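Trainee: I have a structure open and would like to learn how to read it. Can we go through it by question and answer?

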Amino acid sequence: MSTSNDQDPIRPSDIAFTPVTAADSGKADNLPWQQRRASWVALAICVLLALVVIFVLPALVQPPDTPPVPIASDRTATPTAESPFRDAQLATARRAAQDVLSKILEKQAFLESKNVELWDREAFDRALAVAATGDTHYRQRAFDQAQGAYQSALDQLTALETAIPQRVSDALAAGQTALNNGDAEEATRQFEQVQAIAPDNAEAARGLARAEVLDQVIELVAEAAIARQNNDLSQARTLYREALALDADHAPAAAGLEAVNAKILDNRFNEAMSRGYTALERNQLDSAKTAFKQALQLKPDEPAARSGLTQASSAATKQTLQSLLSQATALESREQWHQARDTYARVMAIDSSVMEARLGQIRSAARAQLDDQIRGILDQPLRLSSDNVRQEAQRILADARTIKSPGAKLKEQISRLDQTVTTATTPVQVELVSDQDTLVTLYREGELGKFQRKQISLIPGKYVAVGTRRGYRDVRVEFQLGPEGLSQPVVVICKDPIS
């Protein structure tokens, strides 16, 4: 038998096996036969039997008696040829497969740290099964196929890692939905899944806390709903507040409290409006305005409350105007013209369109002015000694006499003014005394000359007599002449010589 030189020698190769973790121990039935312990034992027995057949059995068989016939050969035996290029390719492929395998181990460790078995164990197991297929190829020195299998497993593990943020987001959303649906168990499961991936997730922690009290919150909300049906709004509000104290984010409790508060507000508003209109009907305008203002405080933008306040204010204004007009009319009847004028002015300040107030103001102002003028003359009758003042007094008297239906007060003023003017224009005898050496001059009357005694007629008023004499100081004598005359003569004598 000759040995062929064309066959490559069989070399043992280094096989890198993926470590079997505790997570894999429960999956033995799903692994390929190359990774089962029983399969390896059977394979070892087969190899051992083959070695016995090849090496031991020939030694036990006797050779034939005839000598062997040598077979000539034109070629001498040579060593098996080496394949360095092929070996280099295999080494490169093996290193590439090992590089991918190391990345698989990193991803596997990372995903296990994120408790992948709790949220996608099936996909994780599938990826590891593909990696085990790569191990089979690796042991068969099919490094390219091993690398491909490893890369596929790595891609699957990478996809699991990449999907973690979305899984967290989906779990949070699912947990929130479960809370909204009142499913505490499902909410707890979803939020615990998030915490398994991200233990520090604040939203998951908050969700778990809400899930713990969800049943209590639901019970309180249900009791509050019953209280609302019974129109016990105060109790309903208390129960909703208790529910929100346990879970401030519980939407049904928040919505229920908002609805109850709105209903309570509506009731208070309607009550204030009712009081306002009742007071308005009873002409209790101040009470009506107070009630409508309270309604506006509750609902500042409510047109009905604003309209009610406007109506009450208008009625109150009308009432005030009517009262002021009545007061002014009463003041006019009592001939209290100044007060009447001021009262009409108050009406005009409130509503300048009130024609009655406008005419009353004009009328009372004119009468108040006439009253002032008459009083001014009666209080200072001596001013009538002036021609201008006397003429003005006569004009005032004529104006007063033209007024139709004068009151008792005006009649009395006309009578007094007439008498005063008459008296003021009636001359009164005045005696002046001098020394026949002093030149006497009476202002407004002229020079009286030198005399010892002199009688002259003057109308009542204020007068000034001046005496002059050569070598003596001038003298000035003022006297006031009334209708009754003077009790003593007026003395005008220059007595002080000039030194």
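Mentor: Start with a definition. A nonpolar patch is made of residues with over 30% relative accessible area and no salt bridge, and its nonpolar side chains are joined within 5 Å. Keep in mind that this is a predicted model.

Trainee: Which residues form a nonpolar patch on the surface?
Mentor: The patch has about 310 Å² of accessible area together. One member, Leu359, sits in helix α15. Leu359 has a relative accessible area of 48%, so it counts as partly exposed. The residues are Met355, Leu359 and Ile362.

Trainee: Which helix gives the most to the negative patch?
Mentor: Asp215, Glu219, Glu223 and Glu242 gather in this patch of negative charge on the surface. Asp215 is exposed, because its relative accessible area is 53% and the cut-off for exposed is over 50%. Asp215 lies in helix α9. With three residues, the top contributor is helix α9 (residues 214-229).

Trainee: How many helices and strands does the chain have?
Mentor: The chain has 499 residues, of which 33% count as buried. Its accessible surface comes to about 31100 Å², and 52% of that belongs to carbon and sulfur atoms. The secondary structure comes to 17 helices and seven strands.

Trainee: What share of the contacts between residues at least 6 apart in sequence joins residues at least 24 apart?
Mentor: Contact here means heavy atoms within 4.5 Å. Take the contacts between residues at least 6 apart in sequence. The share that joins residues at least 24 apart is 56%.

Trainee: How many salt bridges does the structure hold?
Mentor: Side chains of opposite charge can pair when their charged atoms come close. To count here, a side-chain nitrogen of Lys or Arg must be within 4 Å of a carboxyl oxygen of Asp or Glu. The total is 18.

Trainee: How many residues apart are Glu332 and Arg363?
Mentor: Their side chains meet in a salt bridge, 2.6 Å from N to O. The pair links distant parts of the chain: Glu332 is in helix α13 (residues 303-333) and Arg363 is in helix α15 (residues 355-379).

Trainee: Is Glu332 buried or exposed?
Mentor: Look at the relative accessibility of Glu332, which is 11%. The cut-off for buried is under 20%.

Trainee: Which residues does the network with Glu392 join?
Mentor: Arg395 forms a salt bridge with Glu392, with the closest N and O atoms 2.3 Å apart. They are three residues apart in helix α16 (residues 387-402), so about one helical turn separates them. Salt bridges that share partners make the network, which joins Glu392, Arg395 and Asp399.

Trainee: What is the N to O distance in the salt bridge of Arg341 and Asp342?
Mentor: Arg341 is partly exposed, at 29% relative accessible area. Asp342 is also partly exposed, at 41%. Their side chains meet at an N to O distance of 3.4 Å.

Trainee: How far apart in space are Gly256 and Arg237?
Mentor: Gly256 is found in helix α11 (residues 251-281). Gly256 is buried, because its relative accessible area is 4%. Gly256 and Arg237 are 19 residues apart in sequence. From C-alpha to C-alpha, the distance in space is 8.2 Å.

Trainee: Leaving aside neighbours within four places in sequence, which residues is Gln190 in contact with?
Mentor: Gln190 is found in helix α7 (residues 184-197). With 9% relative accessible area, Gln190 is buried. Beyond its neighbours within four places, the contacts are Ala171, Ala174 and Gly175.

Trainee: What is the phi of Ser405?
Mentor: Most residues other than glycine have a negative phi. Ser405 is not a glycine, yet its phi is positive. Its place is in the loop between α16 and α17 (408-424). The phi of Ser405 is about 50°.

Trainee: Where does Arg444 lie?
Mentor: Arg444 is not a glycine either, and its positive phi is about 75°. At 49% relative accessibility, Arg444 counts as partly exposed. Arg444 lies in the loop between β2 (439-442) and β3 (446-449).

How values were computed: Residues numbered from 1 in each chain as written. Predicted model: local features only at pLDDT ≥ 70, side-chain atom pairs only at ≥ 80, totals over all residues. Heavy atoms only, no water. Helix = DSSP H or I, 4+ residues; strand = E, 2+ residues; numbered from the N terminus. Buried < 20%, exposed > 50% of the residue type's maximum accessible area, 1.4 Å probe, protein only. Patch = residues over 30% accessible without salt bridge, like charges linked within 9 Å, V, L, I, M, F, W, Y side chains within 5 Å. Areas by Shrake-Rupley, 256 points an atom, 1.4 Å probe, with all protein chains shown as cover. Lys, Arg positive; Asp, Glu negative; His and termini not counted. Charge placed at Lys NZ, Arg CZ, Asp CG, Glu CD.
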